Every structure is written in structure tokens, then in C-alpha cells.
Amino acid sequence: MNKQEILSVLAELHKITGFRVSLHGADYEEIAAYPKEHIMFCQMVQGVDGQRAECIKCDRAACSAALSKKD
């Protein structure tokens, strides 16, 4: 899949769920997201000194927990 195809799938998932949907690599870095911008709440929280780092830390912990789960 190329990036445009990935964005198309993410856009469809967003339409279904109403949530911002993102794809991250093994290094936890965001590869693609739809919509590109975070919701206003996240923008406001991340605008507070030090909170963007806390959000990233929380996201990484959630990704690690998901990866460690067995079916």
C-alpha cells in the first residue's frame, strides 16, 4: 500500500468511528493519520508545557501494552 491508500483506509475508519485514526511504526512514530490534526482537546492539552511529552509517553505505553497482548 502506498501512503495515499493508507490515508484512504484511515479516512473510512474515521467516517465509521468518528475518531481520529493513526498508523504507527514499530518505533511508535506516527506514519499517517486522518484527520491530520488532533482534536481541539488534545491540541489544548499538548499546548501546556510538558504535556505533549506526557501524551507521547502515554501513547507509547498503550502501544507496548497492545503489542504484548496475546490473542
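Is Cys63 buried, partly exposed or exposed, and what is its relative accessible area? Cys63 is partly exposed, with a relative accessible area of 25%; buried stands for under 20% relative accessible area, exposed for over 50%, and partly exposed for values in between (1.4 Å probe, protein chains only). The model is a predicted one, in which local features need pLDDT of at least 70 and side-chain atom pairs count only at pLDDT 80 or more, while totals for chains, interfaces and linings use all residues. Residues are numbered from 1 along each chain as its sequence is written, and side-chain values use heavy atoms, with hydrogens and water left out.

The protein chain contains three helices and two strands, where helices (H or I, at least four residues) and strands (E, at least two) are DSSP runs numbered from the N terminus. Their order from the N terminus is α-β-β-α-α. The C-alpha trace spans about 35 × 30 × 20 Å along its principal axes. Of the 71 residues in the chain, 8% are buried. Gln4, in helix α1, is exposed at 58% relative accessible area. Its C-alpha atom is separated by 31 Å from that of Lys70, which is 66 residues away along the chain.

No disulfides, that is, pairs of cysteine sulfur atoms within 2.5 Å, are found in a search of the whole structure. For Cys42, the nearest cysteine sulfur belongs to Cys55 and is 6.3 Å away. Cys42 is partly exposed, with a relative accessible area of 25%. For Cys63, the nearest cysteine sulfur is that of Cys58, at 9.7 Å.

Four salt bridges were found in the whole structure, each being a side-chain nitrogen of Lys or Arg within 4 Å of a carboxyl oxygen of Asp or Glu. One of them joins Glu12 and Lys15, with the closest N and O atoms 3.2 Å apart. These two residues are three positions apart in helix α1, and therefore separated by about one helical turn. Glu12 is partly exposed at 40% relative accessibility, whereas Lys15 is exposed at 63%. Another salt bridge pairs Arg20 with Glu30, again with a closest N to O distance of 3.2 Å. Arg20 lies in the loop between α1 and β1 and Glu30 in strand β2 (residues 30–34), so the pair ties together parts 10 residues apart in sequence. In helix α3, Glu54 and Lys57 are likewise three residues apart, or about one helical turn; their salt bridge has closest N and O atoms 3.9 Å apart.

The largest pocket holds about 510 Å³ of space. A pocket is found on a 1 Å grid over the protein atoms alone, as an open set of points where a 1.4 Å probe fits, with protein on both sides within 12 Å along at least five of seven lines; lining residues have an atom within 4 Å of a point. Among the 16 lining residues, His24, Glu30, His38, Ile56 and Asp59 are the closest to the centre of the pocket. Two or more lining residues come from each of β1 (21–24), α2 (40–46) and α3 (51–68), and α3 gives the most, with seven.

Key:
Points joined across faces, edges and corners; volume = space filled by probe spheres on them.
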